[in-house]
Amino acid sequence: MKHDKNVKGEVVAQEMTGGQIIVDHLIREGVTHAFGIPGHGDTALIDAFVDRKDEIQLLPAMHEQNASHMADGFYRSSGRVAAVVTSIGPGATNTLTGIATAFADSLPQLVITGGVHTYMMGRGVLQEVDRPHSDNFPRMAEPVVKRWFNPSHVEQIPNMMEQAFNAMLEGRKGPVLFNVPQDVQAEFATVTMNDGKKRRTAARAFGDPEYIARAVELLLAAERPVLLAGGGVIQAEATDELSAIAEFLGAPVTTSFMGKGAFPEDHELFACACGDLGSIPGNAMTRSADVLLAIGCRFSDRITSSYKQGITFDIPKTRLIQVDLDGFEIGKNYPVEVGILGDAKAVLGAILVELEAKGQRRDYKSSAQFKELEQRKVEWEEFLRPLRTANVQPITASQVLVEARMALPRDTIVVTDSSNPQNQVFNEFPVYGPRQHITPGGMSGIGFALPAAIGAKLGKPEVPVCAVFGDGAFLQTGTELATAAMLGTPVIFLVINNGGWGAIRNLQLNMFGEDREIITNFKTPDGSKWMADIAGVAKSLGCEGERVIDASQIGAAIERALASGKPYVIDAICAIERPHSNMHVTGWWDITVPAYLGDLRAKYVEGRGF
C-alpha cells in the first residue's frame, strides 16, 4: 500500500494494518529513527517500515537492551524521541534495563513489543509470559513506564498512539510501552488518522507567582546564594535563564550528574560538581550556602553525600528553594523554604524578571564568597594534580581524561557508563553546553555508554561523540560495535581497560580490608591476570582499534580516530592498583560494612548519616 508523503493533518478513512498505523503515526510525530531486532513476534510490524524507509529509519541492534540505550542516547543528544521495536518474550524482557534507565532519568522513548495473538492468549504459546495473567509482559514493565497499552483491535491503535505520545511528553517525561498482539499488527481496518499534536498542549507549567515572589525575596536577601542544576534544566532548555540568574546574583553554580552541561564549566561562577565524589569547591559552596536554589534535581544520595549533614548540604540551616515539574520530588529528601511546582524554563524566567525588577545586579567579584570559590578551585586543581601527572605504568584514568579533553573539540558529546569512568568524567572532563554530557544518572547501569553513544551520534551526526567506559562495561555490551560497523557510525570509544571491576575492587579493599577482594580482578584459573584485547575485538567486528599504553599517545590516537570517519576504539591500558586507581573522594557515600568486620563496621556506623 502506498502512502501520501504529506502526513500532516487529518486523513480520513484509510484501510491500514495495525503495523502500518503505528509506522504512519511515528512519522506524523516526527520520529525519524527506530532501533530494534526482528523476531517472529514483530515481523508484521517491521514489514510496515519497508514502504516508508525513506521517511523513517529502522536500524538494527545486537541486543534489545542496547536498542533501548540507543534510543535513549539519540534523545539525550538531539531532544527528539526515538522508538524501540522488539519481538515477544525475551525480545521484550531484554529491554527492561534500558527502559528503566530512561524512566529513572525522565526521558521519553516509545517501546513497541510484539504480543501474543489475541485468539491464543493464555495458551502458553512460544515465548508468552502467561502466569499469572495472559501475555503478561506489560505488567513486568509497569514499574518503569509512565503508561502501557495493549490494543486488542486494530481500530484502537490510532487513539492509543496519540495517548502514548501524550503520556511520554506531558509533565515529567518518560518511556511508554506499546505491546501489540501479532494479529493486530497484521490485520486491516479502516481508520481515520488524526493530527496527534492537536491532542495535547505544548504549554509550559508556570509556577505560582506568590511562591516565585517569595523565592526572589530570599535570593535577594542571601549573602551566599548557590544554584544547583539538575537534569530538569537541560530537559526544559533553561540553561540561558540559569546563567542569567547566576550572573545577576553572583551565585556559584554546581550540578548533579544529569545536570552536567547546564552551565559552562569554564565560567568563573562554576563551582564544579558536588556530592560524595564531587569537588572541593562544589561541596564547600553548597554546605556554606545560606540560600540554595535547586532546579530539576532529585537530591539523590550521590550528590548529597548520602544525606550526611554538613558534608555537601546543611539543610535546613541552608534555606532551600526547590523547583520541579514533579510535585512528588519537592521536599522528598530535604525540607523546603519555598517549593515551586513548574517547568524549569518558565519558573527561572519568571524569577529572573522579578529579580531584575526588585533588585540590583551584584558586583560579585569583590564578594567573600567569590574569593573563596576561586581559592577552592586552586585547592581542587592541586588535589587532582598527583594522579594527573603520575609517572607510572599502567597509566591513570585521570591522565587519559586530561589528554582526551585537550584533543577533542569543545562541542564534543561525552557519553559515560557507570562506575569510575562516570565519576571521573563528572569531575575531570569539563563540558561547556547542554546535551554534551550523557550518563545513566539514576540507574547507573554498566554497559550503557557504548550503545547510547551510537544513538547519540545518530541524533547529532555533525558533532563528535566520545564514549568513555571501562573494560567491564565493554564486556557487557561490546558486541554492539557490530552495529556501529554496519551503520558506519563514527564514534570514538575510549575504554579505560584495567582488567577488572576497578571501582568495586577499591570499595572492597578500602572499606572491608586488604584481604577482602573477591571476583573484582579478572584472572585465569592459575591466578594470572586476564585482560581483554578490546582493540582486537573491535577489529574483528569491523571497527578500527588501537591499544594505548602511554598517556602521551592518547591525543594522537584521538586525532586518528577523528580523521578516520569510522567507529574507532582506543583501548587505554590503565592502573587497577591503588593509589593510582583511587577516586577523588571529597564527600561521603553510604556503602554498608558487614557487622562481622568489627572495628571497620564500628567506624562505618559512626560515620553514616542515619
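Predicted model: local features only at pLDDT ≥ 70, side-chain atom pairs only at ≥ 80, totals over all residues.
Residues are numbered from 1 along each chain as its sequence is written, and side-chain values use heavy atoms, with hydrogens and water left out.

**Terms for the sheets.** Helices (H or I, at least four residues) and strands (E, at least two) are DSSP runs numbered from the N terminus. Two strands pair if DSSP finds at least two bridges between them. Axes are lines fitted to C-alpha atoms, for helices over the stretch in contact, and angles run from 0 to 180 degrees between N-to-C directions.

V548 stands opposite A572 in strand 19.

Another open sheet consists of five strands in the order 10-9-11-12-13, and its pairing is parallel. Strand 10 (253-255) and strand 13 (338-341) stand at the edges with a single partner strand each, so one side of each is left without a neighbour in the sheet. From one strand to the next, the twist averages 15°. The bridge partner of D324 is L341, in strand 13.

| Strand pair | Bridges |
|---|---|
| Strand 12 (residues 319-324) and strand 13 | Four |
| Strand 18 and strand 19 (residues 568-573) | Five |

**The second largest pocket.** A pocket is an open set of points on a 1 Å grid over the protein atoms alone, where a 1.4 Å probe fits, with protein on both sides within 12 Å along at least five of seven lines; lining residues have an atom within 4 Å of a point. The second largest pocket has a volume of about 990 Å³, a volume being the space filled by probe spheres set on the points, which are joined across faces, edges and corners. Of its 40 lining residues, D276, L507, M511, W589 and I591 are the closest to the centre. Helix 13 (301-304), helix 17 (420-428), helix 21 (502-512) and helix 24 (599-607) are the elements that give two or more residues to this lining. Helix 21 gives the most, with seven residues.
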